[in-house]
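I opened this entry to keep a record of what I looked up, helix by helix and residue by residue.

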Amino acid sequence: MEGFLHQVLAGLATGGIYASLALALVMIYQATHLVNFAQGEMAMFCTYIAWSLTNAGVPYWIAFLLTVVFAFILGVVIERVIIRPVENAPVLSVVVVFIGLLVILNSVAGWIYTYTIKTFPSPFPEQPILGIRYVSPHEFGAIGVTLVVLALLYAFFRFTPLGLAMRAAAQNPDSSRLVGIRVGWMLALGWGLAAAVGSVAGMMVAPIVFLDPNMMSGILLYAFAAALVGGVDNPAGAVFGGFLVGVLENVVGAYVVGPDLKLSVALVLIIAVLVIKPTGFFGRVHVTRV
Amino acid sequence: MSKRAVIGLVLLLALACALPFVVSSYRTFQLTLALVYSITLLGLNMLTGYNGQISLGHGAFYAIGAYCAAILMDKYGVPYWATIPVAGVVCLLVGFLFGLPALRLEGLYLALATFALGVSLPQLIKYKGIDNWTGGVQGIVITKPDPPFGLPISQDQWLYFFCLAVVIVMFVLGRNLLRGRIGRAMVAIRDNHIAAEAMGVNSAMVKSLTFGVSAMYTGISGALGAIAIQFVAPDSFNVFLSITFLVGIVIGGLASISGALYGALFIQFVPNIADDLSKAAPWAVFGMFLIGFMYLMPMGVAGAIRMGLARIARRAQNSRPGAA
């Protein structure tokens with residue numbers, strides 16, 4: 001029983017990380033109806049920046065903040081420079097550009113930092129928090145950080161004029177343009193925010209999976225699964241999906257298929273959701289007129 | 001085919017036959033691999049270029065083909081040439097079956113599902129339940145075939161000619177398929193599936209059949225690749241293999257038959273050149289070419305050559321005296 005409880009709690013911790021990355025995917029999907037295949041590699045690249053900063057002696061939380069700012073700028077620049085020219089291109093072109101971005105970020109990280117696996121510091125203490133033994137302090141902290149990020153995002157989109165403008169631009173670009181919202185820049189800001197959220201996910205997961213240029217490929221897969229399970233156009237659904245996938249991955253991995261086939265859990269989930277219920281749990285059904 | 005195209009093809013064939021006698025055996029081996037890749041690229045191009053179904057997981061079918069050949073040769077002592085059709089048939093079936101649920105997925109979602117397949121593939125191959133056949137992480141080592149009938153050529157040269165023969169057969173078949181009724185149906189579904197159905201095209205059937213045939217090409221290519229490299233192991237079939245194939249069709253030219261050859265030469269030789277710079281450089285180059293081609297040359301090398309030839313022909317016509 002204790003083992004099971006530990007699996008569930010550890011699942012919640014990684015689930016929070018998947019939830020963050022899934023949220024980043026959904027934010028871009030809502031605005032552009034595109035799934036960013038390079039989201040994981042962007043997060044990985046930012047995590048390397050954080051690693052460089054902490055290695056240079058910058059205190060963890062300052063490095064954390066600087067990395068989030070860097071990620072935001074990276075996201076905005078990528079949208080403005082690379083994605084904008086193919087905004088209205090066929091799906092295939094956009095997917096090809098995303099894949100191009102993925103391999104460029106991956107190889108540049110490998111070029112600068114080499115492919116050897118690095119350890120990444122955790123900002124949380126070694127001793128168990130509040131005397132809870134089922135879950136490591138880092139997992140506990142990761143859940144906390146995820147929840148803070150989610151709350152901040154919610155507040156931003158719900159209570160600020162800029163958040164409202166961004167939601168409007170995503171929902172109805174034409175009308176938003178008529179009332180004076182600069183839709184193009186709102187998209188870029190959305191990319192920046194998504195990259196920033198992704199970088200938090202990267203920094204939270206790096207102490208668990210260790211830092212190397214390929215560390216996010218599995219995580220990205222779980223995030224895809226999470227976004228799809230929750231409904232790919234529903235941010236709250238993505239968060240729910242993230243936690244669900246995290247727990248499922250751990251429990252099914254520990255008791256059903258064994259740790260060697262954990263990634264296949266994500267594969268099966270993705271295909272099952274897409275084939276059986278493409279809208280996920282909370283997605284909206286899209287009806288198109290033929 | 002025009003007379004000029006026939007002459008061009010004959011010259012190309014003569015060049016292809018002469019090459020292994022003038023270059024080193026390592027270069028011959030590399031050319032063999034380029035031939036092998038060209039079959040995969042033709043198969044992937046049928047699915048993605050002609051039919052508009054994006055696959056980021058074609059490494060899976062390549063792996064199935066490779067393992068078919070390796071297991072048949074290693075465990076059952078089947079001669080190498082007999083494994084090729086078996087790999088083709090197995091992949092045709094698997095591809096057709098995978099194509100059935102994939103019918104429900106449009107554009108982006110199919111890309112997502114196949115990407116997931118590509119990422120989790122090495123783990124699936126390493127699965128403990130099947131490592132009696134697959135050899136687990138260790139993979140399978142197979143022996144290189146000797147030239148038959150006592151031909152006075154080396155093993156590498158023989159393998160090159162063997163692959164060349166398979167390539168010719170597959171390209172002739174592919175060309176006939178794509179130029180015929182089914183090929184036109186594929187393109188019609190890509191461009192407007194509703195209109196295609198209204199014209200009487202059985203969209204579901206054509207789409208899953210395309211998936212099957214595409215997988216068959218890839219599987220045959222995988223079997224040839226395994227025989228050429230003499231080794232299969234799970235980690236060589238990672239998601240970057242699938243991405244390499246995508247690079248190949250984008251660079252070579254989407255929806256073009258000759259593009260498969262250009263793409264294959266690109267993915268075989270460019271990494272070798274870039275490798276001198278850094279271990280990561282080939283992928284940086286691949287990424288830049290992917291994005292650059294999408295912006296500047298969306299029809300790939302084949303499209304650029306076609307446009308260049310058309311321009312020369314036009315100029316020749318204009319400069320002729322009396323032409324308006």
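The entries below follow the order in which I looked things up.

**Entry 1, the model.** I noted at the outset that this is a predicted model, and I read every value below as computed from it.

I began with helix α1 (residues 2–32) of chain A and helix α9 (residues 216–230) of chain A, whose axes come within 8 Å and cross at roughly 70 degrees. Angles from 65 to 115 degrees count as roughly perpendicular, so α1(A) is roughly perpendicular to α9(A). I recorded the crossing of these two helices as right-handed. On the α1(A) side I listed A:I17, A:Y18, A:A19, A:L21, A:A22, A:L25 and A:V26, which meet A:I219, A:L220, A:Y222, A:A223, A:A226 and A:A227 of α9(A). By class, this contact has 13 nonpolar residues, with no polar and no charged ones.

Next I looked up helix α3 (residues 60–83) and helix α8 (residues 183–209) of chain A, which pack at an angle of about 140 degrees with their axes 7 Å apart. The two are therefore oblique to each other, and I noted that α3(A) and α8(A) cross in a right-handed sense. Sorted by class, the contact of α3(A) with α8(A) holds 18 nonpolar, five polar and two charged residues.

Leaving out residues up to four places away in sequence, A:G198 touches A:L21, A:A24, A:Q39, A:M42, A:A43 and A:A71. I also noted that A:A24 lies 174 residues from A:G198 along the chain, while their C-alpha atoms are separated by 6.1 Å.

In chain B I turned to helix α3 (residues 59–76) and helix α10 (residues 203–229), which pack at an angle of about 50 degrees with axes 6 Å apart. That angle makes α3(B) oblique to α10(B), and the crossing of the pair is right-handed. The residues of this contact divide into 13 nonpolar, six polar and no charged.

I then checked B:Q157, placed in helix α7 (residues 155–179) of chain B. B:Q157 has 19 C-beta neighbours inside 10 Å and therefore counts as partly exposed. Its contacts, not counting residues up to four places away in sequence, are B:P20 and B:T28.

**Entry 7, between the chains.** How many residues of chain B are in contact with chain A? I recorded 39 residues of chain B against 36 residues of chain A. On the chain B side, α5 (107–125), α11 (239–252) and α13 (281–296) each supply at least two residues, and the largest share, 13 residues, comes from α5(B). By class, that side has 29 nonpolar, six polar and four charged residues.

Setting aside neighbours within four places in sequence, I found A:A225 in contact with A:V245, A:A266, A:L269 and A:I270.

Definitions and conventions:
Residues are numbered from 1 along each chain as its sequence is written. Chains are lettered from A and ligands numbered from 1 in the order in which they are written. This is a predicted model: local features need pLDDT of at least 70, side-chain atom pairs count only at pLDDT 80 or more; totals for chains, interfaces and linings use all residues. Axes are lines fitted to C-alpha atoms, for helices over the stretch in contact, and angles run from 0 to 180 degrees between N-to-C directions. Helices (H or I, at least four residues) and strands (E, at least two) are DSSP runs, numbered from the N terminus. Angles under 35 degrees count as roughly parallel, over 145 as roughly antiparallel, 65 to 115 as roughly perpendicular and the rest as oblique. A crossing is left-handed if the near helix is turned anticlockwise from the far one by less than a right angle, and right-handed if clockwise. Ala, Val, Leu, Ile, Met, Phe, Trp, Tyr, Cys and Pro count as nonpolar, Asp, Glu, Lys and Arg as charged, and the others, Gly among them, as polar. Two residues are in contact if their C-beta atoms, placed from the backbone, lie within 7 Å. A residue is buried if 20 or more other C-beta atoms lie within 10 Å of its own, exposed if 12 or fewer, and partly exposed in between; C-beta atoms are placed from the backbone.
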